[in-house]
Amino acid sequence: VLANPGHGSATLLMLGADYRLSKRTFLYASLGGVSNSAQANFAADVSVSGPGKGASQRVLYAGVGHSF
């Protein structure tokens with residue numbers, strides 16, 4: 001991620017998978033993280049705030065989905 005050139009950058013890596021249990025039900029999981037430069041404050045997910053300038057953040061999501 002490079003936003004506002006000259007004001008910091010970050011490296012973001014995400015990995016996810018789905019596993020079908022049936023036609024309408026599945027399991028999902030995602031693992032990822034972000035490493036910010038000294039001037040950047042990017043979050044690993046848009047639903048949370050950044051970890052702070054120069055800090056790293058790791059996330060793990062897992063759950064069950066079902067279509068009705």
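Let me start with a definition. Two strands count as paired when DSSP finds at least two bridges between them. With that in hand, take one bridge. Threonine 11 has serine 35 as its bridge partner in β2. Keep that residue pair in mind, please. One more thing before we go on: this is a predicted model.

Now the strands. β1 covers residues 10-20. β2 covers residues 25-36. β3 covers residues 56-66.

How many bridges join β1 to β2? There are 11, and the two strands run antiparallel. Between β1 and β2 sit 4 residues, and the two strands form a hairpin. Another bridge to look at is that of leucine 15, whose partner in β2 is leucine 31.

Next, the other pairing. β2 and β3 are joined by 11 bridges, and they also run antiparallel. Here serine 35 comes back. Its bridge partner in β3 is serine 56.

What about cover? β1 is hardly covered. Of its 11 residues, the count of buried ones is 1. Tyrosine 19 is a case in point. It sits in β1. Why is tyrosine 19 called exposed? Its relative accessibility is 55%, and the cut-off for exposed is over 50%.

Tyrosine 19 also belongs to a group. Together with Leu21, Leu27 and Val64, Tyr19 forms a nonpolar patch on the surface. The accessible area of the four together is about 420 Å².

Let's move to β3. Alanine 62 lies in this strand. Buried or exposed, where does alanine 62 fall? Exposed, because its relative accessibility is 63%. Which residues does alanine 62 touch, once neighbours within four places in sequence are left aside? Tyr28 and Ala29. And here is a distance. Alanine 62 and leucine 27 are 35 residues apart along the chain, yet their C-alpha atoms are separated by 7.5 Å.

Still in β3, look at glycine 65. With a relative accessibility of 9%, glycine 65 counts as buried. The cut-off there is under 20%. Leaving out residues up to four places away in sequence, glycine 65 touches Arg24, Thr25, Phe26 and Tyr28.

One of those, threonine 25, is in β2. Threonine 25 is buried too, at 17% relative accessibility. What does threonine 25 contact beyond its neighbours within four places? Arg20, Val64, Gly65 and His66.

The whole structure holds 1 aromatic pair. The rings of phenylalanine 26 and tyrosine 28 have centres 6.2 Å apart and planes at 50°, so the pair is tilted. A pair of aromatic rings is described by the distance of the centres and the angle of the planes. As for tyrosine 28, it is partly exposed, with 34% relative accessibility.

Now leave the strands. Where is alanine 44? It is in the loop between β2 and β3. Alanine 44 is buried, at a relative accessible area of 11%. What does it touch? Not counting residues up to four places away in sequence, alanine 44 touches Leu12, Met14, Gly33, Val34, Gln57 and Val59.

Some distances to close the tour. Alanine 44 and glycine 65 are 21 residues apart along the chain, with 22 Å between their C-alpha atoms. Glycine 65 and serine 9 are 56 residues apart, and their C-alpha atoms are separated by 34 Å.

Last stop, the segment after β3. Phenylalanine 68 lies there. It is exposed, with a relative accessible area of 89%. From phenylalanine 68 to alanine 40 the C-alpha separation is 42 Å, and the two are 28 residues apart along the chain.

To recap. β2 is joined to β1 by 11 bridges, and β2 is joined to β3 by 11 bridges. Glycine 65 is buried, whereas phenylalanine 68 is exposed. Thank you.

How values were computed: Residues are numbered from 1 along each chain as its sequence is written. This is a predicted model: local features need pLDDT of at least 70, side-chain atom pairs count only at pLDDT 80 or more; totals for chains, interfaces and linings use all residues. Side-chain values use heavy atoms; hydrogens and water are left out. Patches are made of residues with over 30% relative accessible area and no salt bridge: like charges are joined within 9 Å, nonpolar side chains (Val, Leu, Ile, Met, Phe, Trp, Tyr) within 5 Å. Accessible areas come from the Shrake-Rupley method with a 1.4 Å probe; for residues, only the protein chains shown count as cover. A salt bridge is a side-chain nitrogen of Lys or Arg within 4 Å of a carboxyl oxygen of Asp or Glu. Buried means under 20% relative accessible area, exposed over 50%, partly exposed in between (1.4 Å probe, protein chains only). Contact means heavy atoms within 4.5 Å. Rings of Phe, Tyr and Trp (its six-membered ring) pair if their centres lie within 6.5 Å; planes under 30 degrees apart count as stacked, over 60 as edge-to-face and the rest as tilted.
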